[in-house]
Amino acid sequence: MTQHTNFPLVFTLWGAGLGAAGQYAKISVIFDQLGPVYPDAGAALGFMVSLVGFVGILLGVVAGLVVARIRYRRAMLWALWAGAAMSLFQATLPALPLMLASRVVEGMSHLAIVVAAPTLIASLSAARHTGFTLTLWSTFFGVAFTLLVALGLPLVAAYGVPALFIAHAIWMAVFAIVLTRVLSPIQDRAEGTLSLRGLLSDHLTIYRSPRIAAPGAGWLFYTFCFLAILTVLPPYIAPEWRAWVIGAMPLVSIAVSMTLGVWTLRMISAVQLTQVGFACSVAALIWLLMAPGLPAACLGLAAGLGLVQGATFASIPQLNTTANTQAQAYGALAQTGNLGNTIGTPALLAILGVAGYAGMIWTAIFVLMGGFFVHAWMAMRRRH
């Protein structure tokens, strides 16, 4: 690890990460406007959003292993150029099968970025700054969605859907050009060669390791709840507060992770802070159980989840000292995160339909308690 943090390059990599998050967000924020573009798509239109996530579920760990072997700089630049090309192609509004095929390629591009970028950021950060730099990285999804709502929707309103895809392509290409000039490769060398047998063996190695697997294991419980709660809570918040609270929750998570989270990481380990975040989130859910839809409790829940968000990313270099094992951990994080995001919302909606508000809240409580205890179990394994 370096003795001096290269903050300009760290922020540049974070900017590239905003482009990766945009690969999700650009479809989500205009989804209601895609129906007229593809009037005969029916339910298949939903795959335009979900395909990137399915690629992450299937290939998250594979991405970590592949990126470690083909080198981080090369993977980062390839992924940015591929993302730019796919967005430019999507701006032509191709036939639905071709659009869906481009989303599969985009899913692979996205995975490469979310593995390579934080690994590179960790290598560019002094030990005293990793809490800040990796917490900054953890905000890339929330910031990108906020920017696309604030800037992308007016762009589409003024110039149409293709304009958003073109703007995203330009963003990705600009960061590819800049990083080509300023980014040096990490010197860690991965051992072995790529093969199906080797990839299967590496999956077992990763998920058996209490150091490599721990961040992703906790992340599964976090992602199961975060998006799902934002989806199911609004009807229980008073109408006059609803839009403000739901819009503020992701911003509160980011603000808390970048302030209180970064400050606390100076005193306790990232894993311990992750557990504190899970515990605070459970306390906020109990508050919501007693006071359904209370704005202060909703924001308290967002604050607790914000601690989990930042500390999880900061825990990876604390638990894994080489770029190769960090890339494996980020790959596992991508895999479990996509799995949690995919199953969380339909699961909580189903429970809400059967057991009502209380059943849904109790389910979320037990899920987040699971995140706390899986970290306790992994820590126990690391001590023995």
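The model is predicted. Its largest nonpolar core comprises 94 residues, and another core, of 19 residues, lies apart from it. On the surface, six named residues, from Leu-88 to Val-182, form a nonpolar patch with about 490 Å² of accessible area together.

**Nonpolar cores**
- Within the largest nonpolar core, the residues with the most contacts inside it are Leu-13, Met-76, Leu-80, Leu-179 and Leu-285, while helix α13, spanning residues 323-383, supplies the largest share of this core with 16 residues.
- The other core, which lies apart from the largest one and has 19 residues, includes Ile-30, Leu-51, Ala-91 and Leu-164.
- Leaving aside residues up to four places away in sequence, Leu-80 touches Ala-16, Ile-113, Met-172, Phe-175, Ala-176 and Leu-179.

**Nonpolar surface patch**
- The patch is formed by Leu-88, Ile-166, Ile-170, Val-174, Val-178 and Val-182, and its largest share, five residues, comes from helix α7, which covers residues 161-182.
- Leu-88, a member of this patch, is located in helix α3, which runs over residues 72-90.

- Ser-209 is placed in the loop that lies between helix α8 (196-208) and helix α9 (214-232).
- Ser-209 counts as buried because its relative accessibility is 16%, which falls under the 20% cut-off.
- The side chain of Ser-209 reaches the backbone nitrogen of Ile-212 at 3.0 Å.

Methods. Residues are numbered from 1 along each chain as its sequence is written. This is a predicted model: local features need pLDDT of at least 70, side-chain atom pairs count only at pLDDT 80 or more; totals for chains, interfaces and linings use all residues. Side-chain values use heavy atoms; hydrogens and water are left out. A nonpolar core is a set of buried Ala, Val, Leu, Ile, Met, Phe, Trp, Tyr and Cys residues joined through side-chain atoms within 4.5 Å. Buried means under 20% relative accessible area, exposed over 50%, partly exposed in between (1.4 Å probe, protein chains only). Helices (H or I, at least four residues) and strands (E, at least two) are DSSP runs, numbered from the N terminus. Contact means heavy atoms within 4.5 Å. A polar contact is a pair of N or O atoms within 3.5 Å; within protein, one must be able to donate a hydrogen and the other to accept it, and residues adjacent in sequence count only if both atoms are side-chain atoms. Patches are made of residues with over 30% relative accessible area and no salt bridge: like charges are joined within 9 Å, nonpolar side chains (Val, Leu, Ile, Met, Phe, Trp, Tyr) within 5 Å. Accessible areas come from the Shrake-Rupley method with a 1.4 Å probe; for residues, only the protein chains shown count as cover. A salt bridge is a side-chain nitrogen of Lys or Arg within 4 Å of a carboxyl oxygen of Asp or Glu.
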